[in-house]
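Dear colleague,

I am handing over the structure we talked about, and below it you will find my notes on it. Please keep it open as you read, so that you can look up each place as it is named.

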Amino acid sequence: MAMAVRCFRHLPSLLYRSSFAMIRGLPQAPAGCPALPLDGCRQRVHQMLLTRQLATKKAKGKGQTQARVNISAALVEDIINLEETSEDMQAVVEALKEDFSRNLSVRTSPGVLDHIIVVTKDGKFPLNQLGQISQKSPQLLIVNMTNFPESTAAATKAIRESGMNLNPEVDGTIIRVPIPKVTREHRESLAKLAKQSTNKSKEALRKVRSKSINQVKKFKNKVSEDTIWLLEKQIQQMADSAAAEMDKLLAAKTKELLG
């Protein structure tokens, strides 16, 4: 029993150096650890490493999903806040959902212009805080800028550059916003905008991932290579999951837009 305890006391060091074990060979028996029990430990560790290596190769070779890494956030909180990384990635996904809901619809309502940001000399404001938005007809929205006439030009520019394929017309302090008819061409144009928005969101997602991985790499001289590798893999998995969710949103929105 005492020999077994001495043997397993050294097992963490074998696991800690697992990334080098397959290439350089496992460590020799530490002093005081009998050869026979240690050989059994080494064989077990070798089997674990070989299983992981073969499983990875098998997954890559057959295109199967590799085993997911799931590190407890509490165990690595001194290195990186994984929960915060997850929240940042999910925020990008939620922003895309909001963009799809507000900007890309074949249905017309005054609310589609509410969120458009107008840049004025006094700062940035949502359009609905500067003008009164109403719907004249299914194909025409009206923005009354009587309360802030000096911002009429800025509001017109913001509407035109909103990415919603709108071409506003100005009449004094009244901005008329013709809504394109729901033609096949208009639907296809909206679908293209949805694709562009998704690509922009994926770029924002990649920035979150890169920032997180760079944070992890700062600790490469303080923790094991295995820890760094596992954290990078988990961050990549989180990014992949968010990107997959974006792809599903895009597929659903494209189907909706194209009818």
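In which helix is asparagine 128 found? Asparagine 128 belongs to helix H6, which covers residues 127–130. Before I say anything else about that residue, please bear in mind that this is a predicted model, and that the values below are computed from it.

The chain as a whole

The chain has 259 residues, of which 32% are buried, and its secondary structure consists of nine helices and six strands. The mean pLDDT of the chain is 78, with 73% of the residues reaching 70 or more. Over residues 1–60, however, the pLDDT is below 50, although this stretch still has 47 contacts in the model beyond near neighbours in sequence. If we take the contacts in the chain with a separation of 6 or more, 64% of them are between residues 24 or more positions apart.

When residues up to four places away in sequence are not counted, asparagine 128 touches Asp114 and Ile133. The C-alpha atoms of asparagine 128 and aspartate 114 are separated by 4.9 Å, while the two residues are 14 residues apart along the chain.

Threonine 120 is found in strand S1, which is made up of residues 117–120. Is threonine 120 buried or exposed? With a relative accessible area of 17%, threonine 120 is buried, because the value is under 20%. Not counting residues up to four places away in sequence, threonine 120 touches Phe125, Leu130 and Ser151. From threonine 120 to alanine 153 there are 33 residues in sequence, and the distance in space is 9.5 Å, C-alpha to C-alpha.

Helices H5 and H8

Helix H5 covers residues 82–103, and helix H8 covers residues 184–217. The axes of H5 and H8 come within 10 Å and cross at roughly 170°, and because angles over 145 degrees count this way, H5 is roughly antiparallel to H8. By class, the contact of H5 with H8 has eight nonpolar, five polar and three charged residues. Among the residues of H5 that take part are Leu96, Asp99 and Phe100, and those of H8 include Ser197, Ser201 and Leu205.

Serine 197 lies in H8, and at 17% relative accessibility it counts as buried. What joins the side chains of serine 197 and aspartate 99? The two side chains are joined by a polar contact of 2.8 Å. Leaving aside neighbours within four places in sequence, serine 197 is in contact with Leu96 and Phe100 as well as with Asp99.

Leucine 82 lies in helix H5, and this residue is buried, because a relative accessibility of 5% is under 20%. Its contacts, leaving aside neighbours within four places in sequence, are with Ile71, Ala73, Val76, Leu231, Gln234, Ile235 and Met238. Leucine 82 and isoleucine 235 are 153 residues apart in sequence, yet their C-alpha atoms are 7.9 Å apart in space.

Helices H8 and H9

H8 also packs with H9, at an angle of about 170° and with the axes 10 Å apart, and these two helices are therefore roughly antiparallel to each other. The residues of the contact of H8 with H9 divide into 16 nonpolar, five polar and 11 charged.

Leucine 258 is found in helix H9, which covers residues 225–258. At 28% relative accessibility, leucine 258 counts as partly exposed. Which residues does leucine 258 touch, not counting residues up to four places away in sequence? Leucine 258 touches Arg184, Arg187, Glu188 and Ala191. Leucine 258 and threonine 183 are 75 residues apart in sequence, and their C-alpha atoms are 9.8 Å apart in space.

How values were computed. Residues numbered from 1 in each chain as written. Predicted model: local features only at pLDDT ≥ 70, side-chain atom pairs only at ≥ 80, totals over all residues. Heavy atoms only, no water. Helix = DSSP H or I, 4+ residues; strand = E, 2+ residues; numbered from the N terminus. Buried < 20%, exposed > 50% of the residue type's maximum accessible area, 1.4 Å probe, protein only. Polar contact = N/O pair within 3.5 Å; in protein donor to acceptor, adjacent residues only side chain to side chain. Contact = heavy atoms within 4.5 Å. Axes fitted to C-alpha atoms, helices over the stretch in contact; angles between N-to-C directions. Parallel < 35°, antiparallel > 145°, perpendicular 65-115°, else oblique. Nonpolar A, V, L, I, M, F, W, Y, C, P; charged D, E, K, R; others polar. pLDDT = per-residue confidence, 0-100.
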